Amino acid sequence: MHDSSGERARWLRDLLRFLPLRSQFVLSGNTRDLQMHEIVPGEVTAAPLSRVLPDILKAAGYAQIVWFDLLNGFRDIEPADGSSLTRLGLVPANGTAAGGIDLLSTTLERHVTAEGQPCALIVDFASRLVARSDALSPAEHQLFSRALILSHAARARPAGDKRLPFFNAVVWIVDKEGDLPDWFLIGNPKVRHIPIGRPDHLARRSMIRSLARGLPGAQNAEQSKLETCTQEFVDETEGLLLLDVSAVAQLARSEGVPFDRIGDAVRRFKVGVTEDPWRKISRDKINSGEDFVRRRVKGQSHAVTHMLDIVKRAVTGIGQSPRGGRPRGVVFLAGPTGVGKTELAKTITSLLFGDESAYIRFDMSEFSAEHSDQRLIGAPPGYVGYDVGGELTNAIREKPFSVVLFDEIEKAHPRILDKFLQVLDDGVLTSGRGDRVYFSEAFIVFTSNLGIYVPGPSGERIANVTPEEPFDAVRSKVRGEIDRHFKQVLNRPEILNRIGENVIVFDFIRPGVANEIFDSMVDNLLKDVSSLGYEVSLSAAAREVLRSLCLADLSNGGRGIRNQVEAHLINPLSRALFDRGPQDSRSYRIEQVHLGTSTSIDLVSEQPS
């Protein structure tokens, strides 16, 4: 693969710069991925570190290179005739010599002090040399004590035609820096730690230019279309490893995904969804969704319209980031209690999936403790619950195409808000087990009661908005308090910035809307009673008495009305039906409602027509 922009990776430049200055190196991070490697001037390919590192050391002037890991022992890389192993006192057979941690310890000293041509010892999977870096066994302690002493004792000597300074270098390849003992690495001026980062867009582009030509339909495509495909491939694979990029291309070839639909192959690789499920949602279903939602969410026309706009954007994909990682939709529902915020989330879920229980709900009052973020993403290695995983990451891995509801978000610990920032920004979370979980197909809903009350001078709650105020004033005050909370109290203004204008403020339940809610609840209740085999009707007088009782206090919104219907209708009706016992007649009319210590009703039997 040819690449005119092929500048060496930062970690490689760092290694070459310090080879004459340090005797030991620790490579950590993205060590198991492919690395971009210039095999000849102007020609770059992706190769594993086990190939790139020896090539680089050989080109830098190291005449002998030995590779070690616990499974295969010592292996001669350069030259491949076993002479390097013999020089270290090892007995090679077919270019390899068996050895464990004890033999590595003694060989290390022979290597560092060896005379002659410069040599390098690469210790792969060095993280597996120790069980616990803070509690070493005698053999582990001896190995790294010897390595520490040798790092200080090593001396550079001139070698080669240019008589450049060379150490007999030792390169440790680890998963992360903390896998080795702190006292060996931290504060040791003779050891250079070099992190290997994930591939940036330049590295991905270098690889993808070659891969794109092998995708179905790309062979005869116009150059302009091929360039567009390459750019989309680069954008869609943001954050992926080069191994992942190669796997996406292989997946596209094996499943016949054309080059101009490479986003589908990336989606299949990330979340296992064969086709974009959002595009499969019936447009007619969404177009008729307004009536469906308004039947269940009363008196919040502006909220319904705004929410459906966001849903339509999610379905069409308009306004999505070209990098394709962010959630399909993000909305923040704010307002008084019992006005329909959670109900709207359930209704949208029902509209999309045909089942309102299909959404994933988290009550954020359960995540107010400092370390409760571990419940969401999973505990890190070594902690209780590590093997279980996180509730959120597990749920998204199982149902990537879903509505995720975070109820009462203001009650979550600020550390959890940082996790939300990752989801809103990149559409990805790394679980405690190190797995990347993608939110690119999820629809995120936050609900909050922020702005309804504010703290008073003595810490008491005072009403910030009241039902007597017009909705414009309610919306302005609630938005202002939300801004203040995120910017001044939490110091997280960036979260609001990611949500943007998708903060929807709900109005109080006004009397006219309360009447609609009451009638809907009573009618639905009588319908449910009918499904149980009882035909119950309400006289006009009884309905009006119930109305006055249930709508006397609207401070708790629709939830409060439901509670009153339960106290003044469901309970006395259940009592009356139970007291009558089995009867021939199962058709009744509620003639009157009487308020007392507990509400009672006059239930009259009716002959079925």
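**The largest pocket**

The largest pocket has a lining of 32 residues, and those nearest its centre are Glu343, Met521, Gly558, Arg559 and Arg562. A word on terms: on a 1 Å grid over the protein atoms alone, a pocket is an open set of points with protein on both sides within 12 Å along at least five of seven lines, and a lining residue has an atom within 4 Å of a point.

Before I go on, this is a predicted model, where local features need pLDDT of at least 70, side-chain atom pairs count only at pLDDT 80 or more, and totals for chains, interfaces and linings use all residues. Residues are numbered from 1 along each chain as its sequence is written, and side-chain values use heavy atoms, with hydrogens and water left out.

Which elements give two or more residues to the lining of the largest pocket? Helices (H or I, at least four residues) and strands (E, at least two) are DSSP runs, numbered from the N terminus. The largest share, seven residues, comes from α20. By type, the lining has 14 charged residues, nine polar and nine nonpolar. Here Asp, Glu, Lys and Arg are charged, Ala, Val, Leu, Ile, Met, Phe, Trp, Tyr, Cys and Pro nonpolar, and the others, Gly among them, polar.

**The seven-stranded sheet**

Next is an open, mixed sheet of seven strands, ordered β6-β5-β4-β7-β10-β1-β11. Strands count as paired if DSSP finds at least two bridges between them. β6 (96–97) and β11 (191–196) each have a single partner strand, so one side of each has no neighbour in the sheet. Inside the sheet, β4 (64–69) and β5 (73–78) run antiparallel, joined by five bridges, and Phe68 has Phe74 in β5 as its bridge partner. Helix α4 (101–113) lies across β4, β5, β7 and β10, at about 155° to β7. Axes are lines fitted to C-alpha atoms, for helices over the stretch in contact, and angles run from 0 to 180 degrees between N-to-C directions; contact means heavy atoms within 4.5 Å.

β21 pairs with β22 (587–594) in the parallel sense over four bridges, and Val536 stands opposite Tyr588 in β22.

Definitions and conventions. On a 1 Å grid over the protein atoms alone, a cavity is a set of points where a 1.4 Å probe fits but cannot get out, and a pocket is an open set with protein on both sides within 12 Å along at least five of seven lines; lining residues have an atom within 4 Å of a point.
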